[in-house]
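Hi everyone, and thanks for making time this morning. I'd like to walk you through some contacts, starting with charged pairs and then moving to helices and a loop.

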Amino acid sequence: MIHRILTIVSLLLLSLTWCPSIAHGQSIQPTIQRVQQRTVKVFGAGGIRRLHAYSTGFVVSRQGHVATVWSHVLDTEELTVVLADGRKVRAKVLGAEPQLDLAVLELQDKELDLPAWDLEADVSDAGPGTRVLGFSNMFRVATGDEMVSVLHGVVAAKAPLATRRGAFESSYEGTAFIVDAVTNNPGAGGGVLVTRAGRLLGMIGKELRNSESNTWVNYAVPISELKQPIQQIIAGKYRARQRDPDETNAVARFRPLQFGIVLVPDVLFRTPAFIDGVQPGSAAARAGLQPDDLILFINGDLVQSCRVFKQSLGRIDAGTVLKLTVRRGDKLLPVELPVPETPDTPETPKKPEKPEKPATAGDTK
Amino acid sequence: MRLLRRLLRRVRPLADRDWLLGSRAWLVVLVILAVLPRVSFAVDPAVLAAEAKRIGVASRLATSVVAIFSRGGRGGGSGVLISPDGYALTNFHVTRGAGTFMKCGLSDGQLYDAVIVGIDPTGDVALIKLLGRDDFPHATLGDSDTLKVGDWTFAMGNPFLLATDFQPTVTYGIVSGLHRYQYPAGTILEYTDCIQIDTSINPGNSGGPLFSAGGQLMGINGRGSFEKRGRVNSGAGYAISINQIKLFMDHLRSGRVVDHATLGATVTTREDGAVVVDGILDESEAYRRGLREGDEIISFGGRSVRSVNQFKNILGIYPKGWKLRLVFRREQVRTETLLRLRALHRASELTGSSKPKPKPGRKPKPKPGGKPRPPTRKRPPVAKPPEKYKHLHVKKRGFANYYFNQQEQKRVLSGMSRLGDFSGAAGAWVLAGKTAAGDAFRLTVADVGVGLSWKQKAYFQELDKASEPLDEPKGSGGLLYAMHMWRSFLAKREKGFGEFFYLGSEPLDGVGARVDVMISELGNVRCRWYFDRKQGRLLGFDSQRVEETDECEIRFSGDIDLDGRHWPRTIRVSSAGGVLASFGVETVTMKAGAAQ
Amino acid sequence: MVAKCGRGRMSLWLTIVLVPSVSLGQQPAANLESLEEQAFKEASAVVAPSVVRIQTVGGLDRVGRVLTGTAATTGVVVSADGYVISSAFNFASRPASVLVTLADGRRFPAKIIANDWSRMLTLLKIEAEGLSVPRVAPRDGFRVGQWAIAMGRTYESPLPNLSVGIISALDRIWGRALQTDAKISPANYGGPLVDIRGQVIGVLVPLSQRQAGRTAGVEWYDSGIGFAIPMADILGTLPRLKTGTDLLPGLMGITLRAGNVYASAAIIDRVRFNSPAEKAGLQPGDVIANVDGQPIRRLVQVRNVLGNKYAGDTISVVVRRGEESVEQKIQLIGKLEPYTPTFLGILPARRKQGEAATGVVVRGILPESPAAMAMIRPGDTVVQLDDTPVTDSAGLFDAISRRRVGADVTVHVDRNGARQKISAKLAVLPTQVPAVLESQIIAAPDPKPADLPTIGRFNKDLAGHDNNFWGFVPETYNPAHGYGLVVWIHPGSDTMEADIYDLWKPICEQRGLILVGPRAKELAGWNLNEAGFIEALVKEMQQKYNIDDQRIVLHGYSNGCRFAYHLAFKYRTLFRGVAASSEPLKVTPPENRPDLRLQFFLSCGDKDNLYRRVQQTRGRLAAMKFPVTLSTEPGLGHEYPTLPVLDEIGRWIDLLDRI
């Protein structure tokens, strides 16, 4: 019986730690050579205001299509790609997907028959602890036929980069490989992250700061996310994605008072979302919320401050259910409040709450 | 199965109000792991064995790592011992703040005095000598050309001066790139042909060793791409290759301020990727051998040249004065020649005030405080030399520590005695015989002058105060004057010259075995004396009458024993890349009085 | 059921569970690199259940210059009943609420139980049972070069995040931590560092050997320089932390003579008054030879040994004093209390030259002082304090100074012939200046001695210095009496001589003071290296005139005070007081010491822009327990004080020698 459980468990575990263990070569030299041949140096715009004028790319078609990061470097007519063997080739941007920080370049020399990545066969997946190599021309160390830099490390995590509170100043918001090597340096964007067996995992993204921990993040966008756009761009039938509206118009539609919640004065940078008062007969009152309850979660997201709470309220949809978790004393209590059908509109009598701007001491009672 | 169902039931309510949504499967695993007793599991023996091996190597290597302290312990860097008598390598930019004597800590917990030996400001290398032991643990030099990208390496040193107990910081990473060129950043300091690593090095690692996984010394860590986060590692560090340092080693032991080299020509990449000359000094030897603007560089120093960086990399690893083979092409005509590299800097630039920019190991200068400024803000003076070691440092212009040059001179010249005593050999020396071509010759070397009769011609070089060194016979680079230099050296040794010092070692004529090199200067005439490294035999010398002219290259072979004095049997003379003649000596006579 | 299943079986199963790609990979022989990769994953999976996610709500946005993040951080379960250890960094923002999420997803509010301010750890408690406690790696098993896997639980993923490196060094940061080159950052601060066998080596924290504080060392994140506090040590201190008391680094109260920390011997420069070191009888000049059995040859070794000692720990110290060597047991404390000046409450009669030193005649008694309570009377002569005879006021002053506040003393006085024992309880030296204060009248000498030094107003040069100075000596100067000395430090670009002379002449005559006004080399202002001149000037005055060492004060106005402060702190043996007008103190004041008493009189107008800063200065000095008086002039801007305040300064100077 226990055996059965464990077998199931093992299968479950498998689902995550599983990565095709091909090519148990004794040396990683073949891997390094193989990847180097498929990695190019991109030179373009920049050079001013400490903006680097170079980045990295990887070859995705024998005819000479190169995938790289969508950045200021590409913003020029004079785009040059230096191949692994040192040949200089002119290139132009064939298409881009800003939401994925992805761009595909087309090399102007049609004759080249380049070693290229096969986005079907060469791609793999990995979980925490999987050993990886990062290839890029960070700091523009390599020129001509010199090989780009190789870094070693492990996958630290496979997790979403962005939370709805915009922890990361990135346009890419999907799941990413976060690595424990310092891969994301100036010019490294567009490089590749591969397993030691030489399987392609992801494209190294542009430099990124995590605004929640104030640290630089090292990550790569999984190829699984990029494969389709790349292929479609090459095929010339790609539509750039629409930003999902909920993200773009983050105007507050609901306000605490509509639920009968009065928050404490928001005086600090990070005032905890303590409930100062509950309006009698309000949804909050019916749900049993009390003064001094601390609102910790809104629909599963941590609420770090009054401001975050107000912003989150702004995003909920009319007619749904608002799930809060509050701390009362040493207990966590889940509560649910119905969300009114009609969002707050400018016409409604002016309430002292001003969710858009950081509220000030005057905004309660 | 019931247990699993119970588990799942326990999981469900959590999953609903939780970021683990959707990965309920995972919860099962984690819950199970959570309820498991603390488990130990079998780590593959191969993994443990490899770990044990690495631990062993690391602890062995750590004993050779030096923590160098300067400015009363407020600054410093790292180094590595390379010989039992205490010679250690570090960065020039580590020692320059530390003065001629410094304190060094080893992993045995002991503090040792050390003295500066030689410096290479351009290559950012310094040789120091730890004192007080002749059995120092030391690293073994490896061959950095065997490194491959992806190889594991150890970096060891004293980042952020953390080693308050002198135990080095050991980091482990891979080679990220090879033959890297790092531009001089507002200084004469330039990293050529260096090793790029992702092994973590930080300020304070400077001068410390880079080891291969096997424990061989592969380089000296000195620099990093720190710009992103300001003096903190950001994934790219650079080490000076040990192979470059090997080429400089004897030069450094000479106690000099050593210089790097230039060809006297600059190169650029043509559209088609070829590397071509885009500027050349008319007075350079390269020019005299026929190199011109527009010529394509095929290979240099035996390495083919495919990029400007590569050219700089090749040039950068050799000391000035080495002879390198250059192959260049002009309209399909391929020319191959052997060139002596010129000095990269003027002496003043090296010894002078040009400062390397802040780098690992150098703490930023304290900012001048607002007025009024407390005197305490001033940089503390470098420590006074310890009494018992004062004698180990001798000041001399152009030298980091002339004491060590004196030692090397003694060593090299010790072999000379076996040539016999020429000091009494006044009067004229007459050497006569036939050249390899069969022409008779008679060479007379006397105080008043040097004469040569050869192929029915007579050549003469006067030797009174007024007389200039002549290019006699024409195209010989001044054979007659060279013979005079030879005589003074045999008879008077160093006393025969204005300047006389040990240079280091180099391959004889750029291709042969390594030989010790001494330099003599008399007026404008500069001679390079070559000695075999085993017995210290004088193998020959090059004599240059005037700067920027072709040398007269003399090579001795064979031996004639004439009442206790040893004379060469053949004297080969060449200049400007061609052999003039090879004089076979048959008779040597010494007579008082002047030559005719 | 699980229980029935034996440990061996379990581990066998777990191996199968955890090594899928080996058991199921196509290739039979995996190479070392991938075997190691498997081992990383196994080791972390074994510890994962004990690694928890920590989220905080509310709190500051920055601590010092460091922005505090709002990101999730990590902790490690240290007991099944809900204790979790984490890095103090994770709570630098002093959050209003802390939330712990277990590996299985369950969430709990957490209490902060206690902090370890030496190893920068924080202990949390959640109300949960049966938590999974990780296995701990034995402390003596650590080896430089062994695998070190750093774990955190900061990303929105069911699995912990990993970074793999090796152990770089042991006993770093004064022996508190071991060092790793795994990438350590807010992504895993508070998380475990795990060995290849899945045992916890330590807990990850930012540290720096140069600074203290929760955020020290953060600037090195991800640089390959990371630190972990050995779990074995943490378990050692856990019981103390569980009691809810913070652990502080242990101090003994000595300053070592400056030098090359790696080369110079550890010579005691100063011993803090009332510190453990002083109680143990350590003395300046002692050479520390051994601490806790560790031989000491260099300055730095003292910190290496003391670095991981806590307040309350007792250490043994061996010092060499001349030939002999002394061993002492010393119990360390967490905070060195600054010296608080003590006070009996008598104004000593100032002895004339030639008078025999037979005791201290009481000139006056300060109201509400211990002396007043104890009924000591003017005219009494203090001849003995406790068992030590008293000859002169300096001696009594020193004896009282070295007693602690609240100490009971027995004062033996001669009252018209009869000896009396009076007991008093010493108080804190008061700082308010009485509105009225009798000054000891000094009569002009009669007859006038022939060899009187310069009196009245004068200008002079000082031999060997290119600065010069002016001064005023009361016409009635009587060399038999000790005079106070006021050193006027003029502000930049204005010596104010005329005004100062007019204002101070009467005060000097009333209070028996001599005034000197050194002039800065450049009118623009004082340069700190002119301090030598001032010292020489004071010495010169002491030599030429009868100066009372207890009443040598510096008086400055506006930016002149900066120099005055500098001089007061530089020449502690010379100056007893600083009267600073309209200028805050910009440097940190030194330690207050019984043997080098120093008192402050601050004055400022309440309309002066600097008024608030001057008030803060009072606070800073008071915090160091310096006696400091602040006199505020209503309605006055940034101007030199008016007569009433100057009179007060006069009285303050006259009080400097009170005991």
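Let's begin in chain B, where the side chains of B:Asp193 and B:Arg303 meet in a salt bridge, with N to O at 3.1 Å. By salt bridge I mean a side-chain nitrogen of Lys or Arg within 4 Å of a carboxyl oxygen of Asp or Glu. This pair links distant parts of the chain, 110 residues apart: B:Asp193 sits in strand 9 (residues 191–197) of chain B, and B:Arg303 in strand 17 (residues 303–304) of chain B. Strands here are DSSP E runs of at least two residues, helices are H or I runs of at least four, and both are numbered from the N terminus.

Before I go further, a word on the model: it is predicted, local features need pLDDT of at least 70, side-chain atom pairs count only at pLDDT 80 or more, and totals for chains, interfaces and linings use all residues. Residues are numbered from 1 along each chain as its sequence is written, chains are lettered from A and ligands numbered from 1 in the order in which they are written, and side-chain values use heavy atoms, leaving out hydrogens and water.

The cut-offs are under 20% relative accessible area for buried, over 50% for exposed, and partly exposed in between, with a 1.4 Å probe and protein chains only.

Staying in chain B, B:Glu506 and B:Arg528 form a salt bridge at 2.7 Å, N to O.

Over in chain A, A:Lys92 pairs with A:Glu106 in a salt bridge, with the closest N and O atoms 3.2 Å apart. A:Lys92 is in strand 5 (residues 88–97) of chain A and A:Glu106 in strand 6 (residues 102–107) of chain A, so the pair ties together parts 14 residues apart in sequence. A:Lys92 is partly exposed at 38%, and A:Glu106 is buried at 18%. How many salt bridges are there over all chains? The search of the whole structure finds 73.

Now for helices. Helix 6 (residues 306–315) of chain A has 8 of its 10 residues buried, so it is largely enclosed by the rest of the structure. Among the buried ones are A:Phe309, A:Lys310 and A:Arg315.

In chain C, the axes of helix 9 (residues 497–511) and helix 13 (residues 643–655) come within 10 Å and cross at roughly 30°. That makes helix 9 of chain C roughly parallel to helix 13 of chain C, a label for angles under 35 degrees. The axes are lines fitted to C-alpha atoms over the stretch in contact, with angles from 0 to 180 degrees between N-to-C directions.

Last stop: C:Arg153, in the loop between strand 9 (147–152) and strand 10 (161–172) of chain C. C:Arg153 is buried, with a relative accessible area of 2%. Its C-alpha atom is separated by 8.1 Å from that of C:Gly75, 78 residues apart along the chain. Counting contact as heavy atoms within 4.5 Å, C:Arg153 touches residues including C:Val51, C:Thr73 and C:Ala187.

Key
Parallel < 35°, antiparallel > 145°, perpendicular 65-115°, else oblique. Lists of a residue's contacts leave out its neighbours within four places in sequence.
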